[in-house]
Amino acid sequence: MHKINPILSVFATLLLFVVACSQKSNHDKLPRIGIAGIAIESSTFSPAVSEMDAFRVSRGKEIFNLYPFFSEDSTNRKRANWLPALYARAIPGGAVTRETYESLVTEMLDSLRKNLPYDGLFLDIHGAMSVVGLDDPEGDMIMRIREVIGTETVISTSMDLHGSVSPRLAKHTDLITCYRLAPHEDAMESKKRTVDNLLDRLEKGMGKPAYKAWIAVPILLPGEKTSTRIDPAKSLYAKVAPAAAQEGITDAGIWIGYAWADEPRNQAYVMVTGDDGELVKKTAAELAKSFWDVRHEFDFIAPTATLEESLNKAISSDKRPFMISDMGDNPTAGGAGDVTWTLNEILKRPEFKSADGPSLIYASIPGPEFVEEAIAAGIGGKVEGYVGAAVDSRFSPPIFLSGTITSIVEGDQHAVAEVVVKRGSVLVIVTKKRKPYHLESDFTRLDLNPRQTDIVVVKIGYLVPELYDMRGDWIMALTPGGVDQDLERMEFKRINRPMFPFDRDMENPDLSPKLIPLSHEK
């Protein structure tokens, strides 16, 4: 048996101690960066309200799981001492109740307070939250964050391009970026850019960019007319990355804004940050002018028609699946998700009354009591009961639905429970809570085959990537709801005027950039 040399043992212990101290020292030198945010898109034209149960709240280290670039072995994870606080996200809906907003913000601030001080903060928001009785909630939130963390901390903010950048939000953030694609296939890439910009500035000792140029562009258009899949938005947004890549520019963004909230901040924006003041202003002015110059060219990304015309076209088509977007009640734009008008019109059509009619999937309608009855009856059981219009009954009352249950799935994070009921040739997905249907797996897990179905009607605006790639043909139906695509027939009372397209003959606006004071300046 070999004896361990006492001197070597002491030396090894000292070596381990030195290595541990060195690692601790290196860790202590890393920037201290918080993570926080509340994200939702809210329609003030919907009678729905969003309460606490609408939000998925992540706290502390579980926030890392939301971002692939924060995986344990990622480079970004090792570049800072990360101090995640609270992140709450909800699918779009009605305005957030004041109680819910205050509860989430209070918890976020309390969590941030525990880990002071911070060198930086990654703030992840949407930018189109509405709160009952409170204008500009994101501006209110970031101002209250500043009261806790101070004005020296560098805040880097990630946003959806359908958000709005109020002057208050622009002042209290230091770095800001937004998505450059709609549909938002670059969402995670944009969030990573937000973090990378922050890390880069802190690691190089550069701190806050010296200049922030902000321009409010008086345009208010729906996302279905501004998708970057086609021009003019495709060419417009193609200018953003080269603009941001210029020496002296940190980042640049064009915000389309959110069309279904009647608030003064809601319109389009351009914002550019960087250290070259003249270039920052020039770049912002060029992007804003490019946007204004093509304002008359925006149109729907796909053909639009009334629902009757859409169904007629789908029934006569030999392409499958023929996708119909039920746009007016799109829950991913802020609709209540339970408007029954479209489903009622479908069920009245004689073509769908018999089982051998054109196959049609309708996704979806909430009906919690109906779902409970269906679960009790089981697959193959006959069920009848009312569905829909519990929140938004302005256009059509609840539907008395009857049929045979073909599928039951429980445990979905949004729907909670889903059942499929067959009536004639129509398969209706009924959910316990509203849910958007974006993925092929959303259907196949219910034993539905959308690719082999004649018509698929989805509460959505422009088709998200999987549905877009699956479509045989596609039309967007101009249906009623809280996110009605015909903005000019909606009663806006509080947005700034003049505003395109409401005032088509308005004079050219002043699009000169305004330099926003830095967050630590008065």
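**Entry 1: the second largest pocket**

I began with the lining of the second largest pocket, to which α6 gives the most, with four residues. I note that the model I consulted is predicted.

I then looked up which elements give two or more residues to this lining, and I found α6 (187-203) and β11 (249-255).

How many residues line the second largest pocket? I recorded 14 residues, and those nearest the centre of the pocket are D200, R201, M206, I249 and T250.

For the volume of the second largest pocket I wrote down about 210 Å³.

**Entry 2: the largest cavity**

I turned from pockets to cavities. How many cavities of 30 Å³ or more does the structure hold? I found one.

I looked up the space in the largest cavity and noted about 50 Å³.

Which residues line the largest cavity? I listed P331, G337, A363, S364, P366, R434, K435, P436, Y437, V458 and K459.

Finally, I divided the lining of the largest cavity by class, and I counted six nonpolar, two polar and three charged residues.

**Entry 3: the two linings side by side**

I set the class counts next to each other for later reference.

Definitions and conventions: Residues are numbered from 1 along each chain as its sequence is written. This is a predicted model: local features need pLDDT of at least 70, side-chain atom pairs count only at pLDDT 80 or more; totals for chains, interfaces and linings use all residues. Side-chain values use heavy atoms; hydrogens and water are left out. On a 1 Å grid over the protein atoms alone, a cavity is a set of points where a 1.4 Å probe fits but cannot get out, and a pocket is an open set with protein on both sides within 12 Å along at least five of seven lines; lining residues have an atom within 4 Å of a point. Grid points are joined across faces, edges and corners, and a volume is the space filled by probe spheres set on the points. Ala, Val, Leu, Ile, Met, Phe, Trp, Tyr, Cys and Pro count as nonpolar, Asp, Glu, Lys and Arg as charged, and the others, Gly among them, as polar.
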